[in-house]
Each structure stands twice: as C-alpha cells, then as structure tokens.
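Open your viewer and keep the selection panel at hand. This tour goes stop by stop, naming what to select and what is there.

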Amino acid sequence: MRIAGNYTFEATREEVWSAINDPEVLARAIPGCQHLDQVGENEFETTLKVGLQAVRGVYHGRVKIDNLVAPESYEIHVDGKGSTGFLKGNGVIKLRAEGDSTILDYGGEAHIGGTIASVGQRLIDGAAKTLINQSLKALAALIADRRSGGVADTVPESLAVPIPAPVPTAVAAPAPPPAPSIERRKIVVPAHEQLSEAAVVRGAIEDFFTQQPWLPWVVVAFLIGYILGRWK
Amino acid sequence: MTTEIKERIVGRSIKRREDPKLITGKGSYIDDIKLAGMLHVALVRSPYAHATITSIDARAALAMPGVVAVFTGADMLDINPLPCAWAAGRVKNNVNTPRALAVGTVRHVGEAVAMVLAEDRYIARDAADLVEVEYDALPVVVDAKKATEPGAPQLHENAPQNIVMEWDCGDKAKADAAFASAEVTVAEPIINQRLIPTPMETRGAITRYDEATGEFTVWMTSQAPHVMRLLLTAFVFGIPETKLRCISPNVGGGFGQKIFCYNDMAFTMWAARKLGRPVKFVEDRSENYKASTHGRDHITDAELAGTKDGRITGLRVKTYANLGGYLSTIAPGIPTTLYGRILSGVYKIPAAYCHVTGVYTNTAMVDAYRGAGRPEASYLIERMIDRYAGEIGMDPAEVRRKNFIQPEDFPYDNGLGMLPYDSGNYEPALDKALAMAGYADFRTAQAEARQNGTYLGLGISSYVEVCGVAPSAWVGLAGEGWGAGLFESANVRVHLTGKVAVTTGSLPHGQGLETTFAQVVADELGVPYDDVEIQWGDTQGTPFGYGTYGSRSLTVGGTAIKKSLDKIKEKAKKLAAHMLEANEADIVFEDGKAYVKGSPDKAKTIGEIALQASLAYSLPAGMEPFLDETSYYDPPNCTFPFGTHISIVEVDIETGRIALKRYIAVDDCGNQINPLIVQGQIHGGIVQGLAQALYERAVYDEDGQLLSGTLMDYAIPTAEMAPHIETAHTVTPSPVNPLGVKGAGEAGTIASAQCVMNAVIDALAPFGVKHMQMPATPERVWKAIHGA
C-alpha cells in the first residue's frame, strides 16, 4: 500500500521540525498511543490502541529514524504487529516553508498482513488517511499550545515521528546500537491526553462537514421529505 | 398382501424429500453436533505468505482460564503429512503436502501454525490472539508464471523453479505442422482467474477417541468419508483402517472444496487421542477463504489454426496451473487429466497439443472446484472459436456447426488421451438454443440497437463435459497417476416388512440424491416411494465408495444401486418360483410382482417374497435368507453430457455495467430421473459459472495477502444478480450405463462463463475488443471500451 499526502501547519518550519522530533509531543499526537519508550538515540518502542474500522486492535511497534536533514526531512522505518496483523513500512517526511506556514509532505510504502490485509484492505486507505489527518491535526494543536507556553517544553530534544500508516509508532537511530549517552526513558501518556478513538472520529466528522458544508442541508431536506411523505 | 400397479415415478419432477428437514432448520450440520466434554479449537494462522517460524510462545494463552492446551506442528511429528492421492502428470519426487500444523516454514497466508484448545470457542479464539509467534519473512511469489522464472523465491527444496510437474498430451509434431501450414491462426493469452468455492457451510471436523478400543470417530464436512478414512489411517496415522469411523452429517454444499483431506481432520484426531476428550474445529468464513482450497487459476497461451472458410486444423495450448503452496489431495489431476484431455471440446480438431506446468506459489492450495478442469478447458476452446470466427468474418454459430463431431463419429477419440466420447448429437442442441434466442433476427436487432446507442451482445457456448469419474480404464492408466478406478458401491436390503433400505458410498450435499435414488429404487422394485430409505455418509454401515463429486453419483452410484436391485430381483424370482412351484425360467418380475408368464393373477409381491426370505423356513435348497445384495460398479467409460448455452447481454458503455438480458440453456444429460432436480442443478451451475465471468476473483497482492478475504470483498452473486434462465433439453441416453444417465451437477458451470464472456465481447466488437479477461467488471469493460 502506498501512502502519500501533505498537511499545512500555521507555524514555522523550525517549530514543526522541533515538534516532530519531540517524543512528548508525538506521543500525544499519535492515535491511541499509550506509551512511547525511547530505547536508543533514534529508536522507540510503542503500544497503540487503535479503534478505527479494520485496524482496530492493540499494536506493538518499533520505529527507527535515519537520514536526518534538519530541519527539512528524515526517513522512518516502522515495524509493528498486533492481534489483527502486522505492518512494515518505510517513509519520508519533508518540510517546506511557504510564507508563514509550513507544509509537511509525507510519502511511503507499507506492507500489511493478516486480518487487517484480508478483511480491511478496502477500508485501509480510508482508515490510514483518517488516522494520519487526525494525527497531524492534533500535532498542529500541540504546536499551537507550545507557542502559548503549554505542554512539553520541559522535554529534552530527542526524536520522534508520526508514521505514515495506520499503525504509527516511534523512532530510532541509524547505525550503531544505542549510544551510552542516551538515557532510556518511558513516556506514558495519561489517558485524557491520548488521541483517543472518539477524538479521531469526532475530528474526522468535523473535517467532513468543513469540506462538505452543504451536507447538513441535504440531510435536513431528506428528513423534511420523509416526514412529508409519511404525513401524507 | 397386495401391491397396486403403480405409476412409474422415474422421470417425474417430485420435490426433494430432504428439503423439509433442511429448510426448516432441522438438519444436523457439523456445528450442530455437541458432545459431552468437547473441547473447542481456535487456530493461530500465519499472517505471512512465506516465512520461517522462529519462535512460538504460548505462555500467555495457557494462562488464560478455560484454556486446556496449545499444540504446535512440532508436537505432531509423530503423524505424517497429508497425502497427495493423485500425483497425476508424472509428479515424482517433489510432492509437498501440508502437515496438520506447520513445521518450520509457512508458505501461504492462513496456514495453521498452532492450535489452542479451550472449554468454549470464545475462550479459544481470545487465547489464540495471545500466542506470540515470531516470523522471519521470506520473499513471496503468487503468480504461477513468475514463480517458474529464474530468481523467483523458492518454496520447496525439492521443486526447482517451483515446478510441480510438466505434463503434456496430444501430438506436438502434428500440431506444429498444422500451425506451420495454417491459412489462419489466432493467439490469445487467456487467464482463468482463481476462484473460491464458497459453500454455504464452512468446513470442520469433530473427533471422539475411544481409549478402550483405540477407535476414532470423526464427524467431518466431507464429500468422500470413505476416502478420508483410507487416507487418514493408512497415510497420516499409520493405524488400521478399521480403527476409524468417518461420518459426514448434513453437509451444506461442497462444490469440490469438501472432497479433500484437510489438516483439521488430522489435528482433531491427534488432540482427541492426546487429551482423551472430544475435539471440535469449525472454521469461520475468512478461515475458509484463506486456508481451504481454491479453484481454477490458470495462465494460458492459446493458439488456434484453421482455414479461411472455417475449418479448424489445429490447437496449441500452454498453461501454467497455480497449485498453491502445497499439493491438495487431488490437485495435480485437475489441470491435467481433467483439463488437457478434453480441450478440443465438441469439435473435430485433427491436431491438438497441450502442455501444462503445475506450479507451487505462496497461495492457498488449488484443487477441484465445480467442473474441475473442464470449465477451464471449455472456456478456452469456446473463446478461441469466437476469436477465430471474428478473424475470418464468419458467423460463430456456423463455425461451431462446421466443426462439430458428428453423430456417426461416436464413439469418438479426440486424440488427447481421453476415453472415447460415448455418444452425442451436438447440432440439435445448438439449433434449439439458436431458435429459442431468435438468432435469425438477432443480428439485425443488434445493429439497430447500436444505431440507438444500445450495445447488445450474444454469446454462444457449445460444451461437452466428462462425467461419471472415473473408470479404472481411464484414471488407472499408466501416467495418469491415480492407479485406482473410482468405482461406487450400494447395498440394498428388503426387510421383512417390505421396507427397503439402501446404503451407498455416494452422499448428497445439495444434489437431492435421496430423492433421485429413491425414485429409481421404487420403480425398479415396484414398491411405494415412501417405503424406500436412502442411507449414506457413515463409513460404519455403508459399503466402501469414493463419494460424491465429478457429476458421478447418479451415473456411477446410481448404477451401483441398479446392479444391486437386479441381484435382488434375480433372487426374488428364484424364491417366487419356489413359492409358486414353477420353473424359474417362466417367472416374470414386473411392477413389484413375480408371476408365472401368462398368469399375473397369481402373483407374489416383492413384500411377500421378502417376508418369505426373512422368515427363512421355506427356502429353495442352498438359498441364503434375506434379500440383501451389495454391488460395486466400475463404469466402463465416462459419460459425456453436452449442450449449447446462449446469453444476451446489454453493455452500458458509459459505465461499463453489464445487464444479462437473457440466458438460454439447452442441455443433454441423457435420461432424467427427476427433471426438477436436473433443472435445479443446471440453474445453480449456471449462476456459479456466470459469476466467474462477471463477479468473482480471488486476489492476492504481491506480498501474498489475500485481499478478497471476506464476503464483502469476494463477489458471490445474490439472487438479484442471477438472470431468469430459460432451460430446454435434448435427450440422448448414455449407452455407458443401464440408467442411460450422464450427470448434470457441473454442466451449468462448465458452459456458462464463456457463454457470458462471448456475449460481452460480442457487444464490444464495435470498439475493436477481441478478448478481455474475467471477470468483466464495469471497470474492465470501461477500460476496454476506452482502450485504456
């Protein structure tokens, strides 16, 4: 499965770069992320509880980042599995400034297997898109929070990444095993700060209505027609 | 005791006696069976199409309350892999069959890796999710042709280039010569896509083991319980055949998928013996889709040679047959014996040659599916005939007519190593179908409709099939790899009350055999239809038989019954002569009564004779008591039903959507015992075949993931998608068997896919479309129209 898309942040490229390299921020922007464990300089393990369509389930995963070019781009490698299947993916994330805003382009290829492949294939593109969009939307909110001095500014700089796939995770270093200078740590996301299933669905519905402002009127018209028809 | 003179009921459309029970939910299917203390199995299946298993950790699953045990392939090394019983086509040292559970390597998605046994199904399912299996993924190949190319991932060490077998038939030199000197040749790549049989009931097995006697009882969703008993005991477990009893309860459709020996039979037996408790496994739908057998999946290059005036001179075919990750029970026999040997269809083709390469790939096993090889053959020749007719600008009906095997040619040897076609008269069926379709006026109507932007197409399919598998004279031949004739058995007993019990190795799972067989018995013995009971499905209590598939149950199984009835009648005549104090030679048996020729008023009924035989106090010297006779029937030849189907479609060129306007089926299945059941079989078969043309396709992605893994993704037609079918018949009784029957179970499927595709392509002729692959989905049709 190929995944590609972009998202526009009302923030500078440095702000976005810093956010997408901050595990504390990412842990709150990745759908259903329960914890994010840094196990190496650029390597993370995570557990996600995803509750959307065919990708519903608990997933354990490992993410590595390499080829970092600050503040422009990096590559990520994801390897995750759960009760409904597995995912293995590689992707590139690029940031480009445009005026006052920053555009994040993502692209990659994911291999999925198990039930999520055979049962969910026809749904997976939509699910992936929804999860990624809601994740990026949450990220944008977190960046806005940071500007106004909110969360996570106490966290030391380290790397973490949203994954262009329904089973996102965390980050890891390119070659050598975890450098001794890196402190292993575990970020546990409090339940109320997780990007929950409900938030994803709510966000997706909000977006849908924003994109299709006429839709409520169609529903209203249908209901009026239905009631008139029954009344007659 | 008297019996009134009865009307014959053979040939009457009486309703199926099995239906009231089945359609009111009173049948007993595998999942209805519950035994005391029974454990339930859930399987851990591979999400990878090709991988090495590096570790299996069941601790979390075993810790779950209600879980009794978890077993893996390593636990079951004391039993053998499942056998391949039909190593057709010179398969030699590269047979690879599945084990009860995978050992070391998995070769297709859904392959069973571990079994969890628990007190109920839900616990087992939840616990299966807790079994941690680590895999090292290996490269994957799903396409049969690509699997044979250099550098392709290898599935089995003993099968270089993943080749199972290279098989051919016909005369290559002669075919090459025909092509070298041909006036016209046409060539087309033809893909017969992979299908999933989708019986309404999925598969399963329940085993009870008796420690005291060492006997297993296995309830199974099987079309062939006697064969399963043989394979499981002699090949898998190495125990005496007599230590296993196999029972097929009501079976909810099979379409071939339930002929074969499956791992669940073996692992439920193994676990029941190990744990001393009954063990049940029933697959769910997506397991059925991933792990039970699929059908078809051929990639073919077909060439046809002929003269400019429509005489076919040669046929050359090269096929890659995808057999999946392992060989299923009779897999190699399907694209060889049942395909290549019938490729020339109803036509006299003087030079034909077929080469088949059987291939392992990282996909589910492929084996017989309704029609089994013959739909693939029939699709190919009928598409090529249309392609040829288009090339020489001749009416496709005329090309068919011109090349038909003629009535005087029978018995006909097609030169492809098939037994001689027994009988046939193809032209009347074609004419009848053309008349019903209004063919004479159709072309004008079609041209007018095109002027108005309506694109109509008419497709013809003239077919012959091979039924009544399988005579020892055919499959027992050297090189066919089977080595045993597929005979069938029947025992008939007339009890002292005059009630008749028939046990047979044939067994119904939708064919209405209880009804058809009872009709034959009632007429032959002259007893009331309701006095006849047909019993089947249990190896304890039925004589050894090969089961029900290949349109064989009436032709072979029915004839076995007929032979037992003949023996009963002979004995009845002897006893009647004794009772009437007459000479046996003077006794006539008619309408259930035996009397001395010329004096029917002093008759003994079959009931009176049976009573006498059972009481046994006055029998002729040397005669054994009871009317009880068993027969085993090995048919001398196959039967060759035939017919012509015509369909008319309308293609919406804006959307690519196809509307099936008419479907006409003229079939000749010989004598019909029950025309209503024949019609039902034809209807079901046609819908299953046209579904291949328009809807169904099992799709694996490049990673070997089955994308069409549910009924939401795999398009089984619903009643709304089925056309009104206009049926008619010609009757050419088969000379092969005394009933004159030919078989009707697969005819519809064998005829219909190409019938619809020919119509679709005919409709698209104005756009220059000469061929397209199945299924003709709106997207493909639209692309064909727009040359995309």
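Contact here means heavy atoms within 4.5 Å. Keep that cut-off in mind for the first stop. Remember too that this is a predicted model.

**Stop 1: chain A as a whole**

Select chain A and colour it by secondary structure. There are 6 helices and 8 strands. Walk along the sequence and the order reads β-α-α-β-β-β-β-β-β-α-α-β-α-α. Now turn to contacts within chain A. Take those between residues at least 6 apart in sequence: 67% of them join residues at least 24 apart.

Chain A has an accessible surface of about 11400 Å². Carbon and sulfur atoms account for 58% of that area. Of the 232 residues in chain A, 48% are buried.

**Stop 2: a nonpolar patch on chain A**

Select A:W217, A:V220, A:I224, A:L228 and A:W231. Together they form a nonpolar patch on the surface, with about 640 Å² of accessible area. Centre on A:L228, which lies in helix α6, residues 215–231 of chain A. Is A:L228 buried, partly exposed or exposed? Its relative accessibility is 48%, so A:L228 counts as partly exposed.

**Stop 3: where chain B meets chain A**

Show both chains. On one side are 15 residues of chain B, in contact with 13 residues of chain A. The size of an interface is often given as the accessible area lost when the parts come together. Here chain B and chain A bury about 1200 Å² between them, with 48% of it on carbon and sulfur atoms. Select B:D703, B:Q705 and B:L707 next. These supply 30% of the area that chain B buries against chain A, more than any other three residues.

How many salt bridges run between chain B and chain A? The count is 2. To see a salt bridge between the chains, select B:E134 and A:K81, whose side chains meet at 3.2 Å, N to O. Polar contacts between chain B and chain A come to 4 residue pairs. Then highlight strand β6 of chain B, residues 132–137. This strand gives 3 residues, the largest share of the side of chain B that touches chain A.

**Stop 4**

Over all chains, the salt bridges number 50.

Select B:D297 and B:R194. They form a salt bridge, with the closest N and O atoms 2.7 Å apart. The pair links distant parts of the chain: B:D297 sits in strand β13 (residues 295–306) and B:R194 in strand β8 (residues 184–195), 103 residues apart. Both B:D297 and B:R194 are buried.

Move to B:R374 and B:E465. Their side chains meet in a salt bridge at 3.7 Å, N to O. B:R374 is in helix α9 (residues 374–392), while B:E465 is in the loop between β16 (455–464) and α13 (472–475); the two are 91 residues apart. B:R374 and B:E465 are buried as well.

Next, pick B:D531 and B:K499. The closest N and O atoms of this salt bridge are 3.0 Å apart. Both partners are in loops: B:D531 between α14 (513–525) and β19 (532–536), B:K499 between β17 (488–494) and β18 (500–504). They are 32 residues apart.

Finish with B:K172, B:D176, B:E303 and B:R316. A network of salt bridges links these residues.

**Stop 5: around B:S752**

Find B:S752 in helix α18, residues 747–763 of chain B. Its relative accessible area is 0%, so B:S752 is buried. The side chain of B:S752 reaches the backbone oxygen of B:G748 at 2.9 Å. Leaving out residues up to four places away in sequence, B:S752 touches B:Y663, B:G685, B:I686, B:G689 and B:L690.

**Stop 6**

Select B:T605 in strand β22, residues 604–605 of chain B. B:T605 has a relative accessible area of 2%, so this residue is buried. Now draw a distance to B:E702. From C-alpha to C-alpha, B:T605 and B:E702 are 69 Å apart in space, and 97 residues separate them in sequence.

Technical notes
Residues are numbered from 1 along each chain as its sequence is written. Chains are lettered from A and ligands numbered from 1 in the order in which they are written. This is a predicted model: local features need pLDDT of at least 70, side-chain atom pairs count only at pLDDT 80 or more; totals for chains, interfaces and linings use all residues. Side-chain values use heavy atoms; hydrogens and water are left out. Helices (H or I, at least four residues) and strands (E, at least two) are DSSP runs, numbered from the N terminus. Buried means under 20% relative accessible area, exposed over 50%, partly exposed in between (1.4 Å probe, protein chains only). Accessible areas come from the Shrake-Rupley method with a 1.4 Å probe; for residues, only the protein chains shown count as cover. Patches are made of residues with over 30% relative accessible area and no salt bridge: like charges are joined within 9 Å, nonpolar side chains (Val, Leu, Ile, Met, Phe, Trp, Tyr) within 5 Å. A salt bridge is a side-chain nitrogen of Lys or Arg within 4 Å of a carboxyl oxygen of Asp or Glu. Buried area is the accessible area (1.4 Å probe) that two parts lose on being put together, summed over both. A polar contact is a pair of N or O atoms within 3.5 Å; within protein, one must be able to donate a hydrogen and the other to accept it, and residues adjacent in sequence count only if both atoms are side-chain atoms.
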